[in-house]
Amino acid sequence: MKVLGISMGRKNQNCDIVVKQALMAAEEAGADVKFINTMNMEISHCRGCGACSAGLSKGKQIRCILKDDYLTLENEVLEADGIILAAPVYSIAPTGQLVNFFGRFGAAHDLAGATMEQERREKEGIEPLDPRLFKKHYVAYISVGGAHTPNWVSMGLPNMYMFGMSTVMKTVGQIDAYDMGQRTNPVFDKPFMDNVAGLGKHLAESIGKNFDDVSWYGEEGVCPVCHNKLISYTKGKGTEVECPLCGIYGKLSVEDGEVKVSFSDAEKKRARNTLAGLYEHQYEIHGMMDYVKRNMELHKDDFQDLIRPYMDYKPDYKN
Ligand SMILES: Cc1cc2nc3c(=O)[nH]c(=O)nc-3n(C[C@H](O)[C@H](O)[C@H](O)COP(=O)(O)O)c2cc1C
């Protein structure tokens, strides 16, 4: 069982220390461990070129064509069974390096899309996709912030969740490690470090289990699927609320002065980080192409006239 620790913080600072603490506990629980600090890795953002999916129809593997350190990290993530990821909070959200990573990793490795492609390859006798795309991955998140209250880390853990979403990694638990400023150094806070070790041990012990049998380590959120605290509400929708991460709808009520949010089992089963939820999105995308074809046909005579003013308009264009 391979557990990979990823720290996106400064070398030898808070993220490094918490990841190493969790890794030590995972190792004690029997895992082979590996540690990567990504601070000086070059991980650029997705250019939307579509090369990763375009190659599929030609029998190629899913591969980003940008040649930077993303490819190294992608390989390590696919190779691992379990991942402990710590990211620093910069302006209430995780470091942009993480967003760059999952922008390239998530959509390209969408499990529903990969499953459909694998089925096609089996039928047509084409070389199969990398089997590591289909193995079960387990992940634990630690969001690390300097602020004294959780008020300044609100988008940390919710954004980190996107790291494993499209590949249906099982999130086994998470820690909102704010207050690093007053704590001064995590090693001064034994209960905190024990909690981090508990998360590492729990990750190692969860690997190999059926996802439904994995218990949750950490604070309970509002959403029963992702355990985060975000809820969105659209005016005029009555008591309906949504978990913006999982894309599932629930009902809000007030009981004895307490806000309650409940989600039906049917909604939980269509959460974005399930294969069913991802298929829903795949069908939505496939359906979209019918509209694109229809609209392009409708505008075949005036498309060039409509688009030309925008192509010709180049204020401040220096290149
Ligand atoms: C540019 C910048 C923005 C930051 N913004 C926040 C923030 O919004 N909330 C917070 O709690 N901490 C913030 N911090 C503090 C870091 O999250 C904190 O120092 C953390 O320990 C960094 O991780 P590291 O020690 O592993 O490098 C910020 C730090 C930097 C450099």
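1. Let's start with Asn 75. It has 12 C-beta neighbours inside 10 Å, so it counts as exposed, the cut-off for that being 12 or fewer. Keep in mind that this is a predicted model.

2. Where does Asn 75 lie? It's in helix H3, which covers residues 70-79. Along the chain, Asn 75 and Arg 132 are 57 residues apart, yet their C-alpha atoms are separated by 9.5 Å.

3. Now the ligand. There are 18 residues around it, and the ones that come nearest are Gly 9, Pro 88, Gly 145, Gly 146 and Ala 147. Two elements give two or more residues to this shell: helix H1 (14-28) and strand S3 (82-90). S3 provides the largest share, with 3 residues.

4. Among the buried ones are Asn 14, Asp 16 and Gln 21, along with Ile 17, Val 18, Val 19 and Leu 23. Cys 15 is on the buried list too, as are Ala 22, Ala 25 and Ala 26.

5. The length of H1 checks out as well: at 1.5 Å a residue, its 15 residues should span 21 Å, and the end C-alpha atoms are 21 Å apart, so the two agree. After H1 comes Gly 30, with a positive phi near 110°.

Definitions and conventions: Residues are numbered from 1 along each chain as its sequence is written. This is a predicted model: local features need pLDDT of at least 70, side-chain atom pairs count only at pLDDT 80 or more; totals for chains, interfaces and linings use all residues. A residue is near a molecule or strand if its C-beta atom, placed from the backbone, lies within 6 Å of it. Helices (H or I, at least four residues) and strands (E, at least two) are DSSP runs, numbered from the N terminus. The expected span of a helix is 1.5 Å times one less than its number of residues. A residue is buried if 20 or more other C-beta atoms lie within 10 Å of its own, exposed if 12 or fewer, and partly exposed in between; C-beta atoms are placed from the backbone.
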